[in-house]
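This briefing looks at one helix with its surroundings, and then at a set of positions annotated in a record. Please have the sequence and the structure in view while reading.

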Amino acid sequence: MNRRDDVNKRKADHIQICLNDDVNGRGMTTGFEKFSFIHQALPEVDFAEINVETSFLKKKVATPFLISSMTGGTEKAMTINQNLAIAAEEKGWSFAVGSGRAAVEDPERAYTFRIRKYAPSIPIIANVGAVQLNYGFGVDECKKIVDLVEADALVLHLNSLQELIQPEGNTNFRGLFQKIEELCKSFHLPIGVKEVGWGINSKLARRLVDVGISFIDVAGAGGTNWSQVEKLRSTDPLKRAVADAISGLGIPTSECLLDLKQNEGSGTIIASGGLNNGVEAAKAIALGADLAGFGRSILAEAVTSEKALIERFTQTEYELKAAMFSIGAASINKLKNTPSIKQVGY
Ligand SMILES: Cc1cc2nc3c(=O)[nH]c(=O)nc-3n(C[C@H](O)[C@H](O)[C@H](O)COP(=O)(O)O)c2cc1C
């Protein structure tokens with residue numbers, strides 16, 4: 001199999017496995033079920049006036065929702081990205097596309113990332129694995145990726161445990177912090193950092209922000225578990241066994257948020273990893289996030305049609321507003337600073 005077939009197969013496998021298989025971490029949850037809002041029977045708010053607008057990357061957006069980085073590089077990925085872009089523009093979601101590595105390595109794939117024409121006004125974020133900075137990628141390659149996407153920012157993903165189990169994974173993560181710092185110094189757009197489902201702790205977030213990272217997407221545990229996804233692609237019995245053993249690792253999404261809240265100074269915070277609906281997004285914001293990101297839970301609609309996505313996005317916004325109505329919070333700022341959330345049992 002040549003490199004192009006290889007990448008095609010990997011992208012297709014990821015989508016199929018995420019749509020059809022159980023890829024949750026063993027015994028792992030986001031922890032949002034341990035938090036509840038303290039309902040206010042008299043909210044003193046007109047539901048019609050609840051406003052969920054916010055701003056991100058210097059743009060005003062109608063919602064605090066983000067499509068987490070998913071795909072690009074293949075024909076099917078193009079359809080998914082197009083559906084996502086149209087729905088995001090329509091409903092005011094920010095949109096992070098999947099890794100642009102394939103497009104740099106094979107310019108014939110570039111068209112699958114040209115989605116700005118479908119989403120002229122919203123923040124769009126380009127994506128690449130930070131580890132690629134140890135495998136030949138530098139400022140020029142990152143610039144190619146953001147130019148292609150006509151992005152407002154670049155997000156670097158940290159995915160050590162995915163690369164470890166991935167049959168073709170890149171596992172040299174040595175010296176990356178310094179390379180991220182150097183990239184921040186010379187890059188012309190804001191750079192963020194995200195995990196892919198194991199979470200980011202406050203100490204690392206702080207260090208990254210101190211060297212110029214603009215936003216942190218915690219991408220915590222409790223949702224898609226990428227060692228499980230890669231296990232299902234692997235035929236190596238050793239890697240499969242290790243994937244099972246590590247499937248409970250990672251910091252649950254809600255714990256990442258509490259950690260960041262208790263140790264302020266982390267710039268813009270995106271909560272993602274296992275989010276399924278607008279009430280969970282509301283909890284994430286009440287625990288300190290600025291935005292809430294959705295990955296695998298919207299993939300089925302993304303594969304189906306822009307219409308299915310628009311319906312799902314409408315529902316998610318309604319759910320968020322319902323949670324805000326329950327506690328009498330009429331704006332995202334009020335929700336973020338609400339005292340009306342408690343840990344169940346405390
Ligand atoms: C099909 C699929 C492909 C993904 N590809 C990427 C990618 O290219 N780059 C990236 O940073 N994350 C990628 N992710 C990870 C998500 O952005 C997210 O961090 C992770 O799945 C956890 O969120 P979730 O539980 O909402 O899915 C992908 C996720 C899915 C479901």
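Helices are DSSP runs of type H or I with at least four residues, and they are numbered from the N terminus. Just after the helix named H4 under this scheme, Glu150 takes a positive phi of about 55°. The model described here is a predicted one.

**Helix H4 and its two faces**
- Helix H4 spans residues 139-149, and its buried residues are Cys142, Ile145, Val146, Leu148 and Val149.
- Asp140 and Lys144 are exposed, and they are carried on the face of H4 that is turned away from its buried side.
- The cover over the buried residues of H4 includes strands E5 (94-99), E6 (124-129) and E7 (153-157), together with helices H3 (101-105) and H6 (176-186).

**Annotated binding-site positions**
- An unreviewed UniProt entry places the feature "binding site" at Arg10, Lys11, Ser99, Gly100, Arg101 and Gln162.
- Of these residues, Arg10, Lys11, Ser99, Arg101 and Gln162 are included in the lining of the largest pocket.

**Two of these positions in their surroundings**
- Arg10 lies in helix H1 (residues 3-20), and Arg10 counts as buried because its relative accessibility is 10%.
- Neighbours within four places in sequence aside, Arg10 is in contact with Arg101, Gln166, Glu168 and Arg233.
- Gly100 is placed in the loop between E5 and H3, and at 2% relative accessibility Gly100 also counts as buried.
- With its neighbours within four places in sequence again left aside, Gly100 is in contact with Phe113, Asn127 and Ile145, and Ile145 is one of the buried residues of H4.

Methods. Residues numbered from 1 in each chain as written. Predicted model: local features only at pLDDT ≥ 70, side-chain atom pairs only at ≥ 80, totals over all residues. Heavy atoms only, no water. Buried < 20%, exposed > 50% of the residue type's maximum accessible area, 1.4 Å probe, protein only. Contact = heavy atoms within 4.5 Å. UniProt positions renumbered as here; feature names shortened; annotations may be inferred. 1 Å grid on protein atoms, 1.4 Å probe; cavity = no way out; pocket = protein on both sides within 12 Å on 5 of 7 lines; lining within 4 Å.
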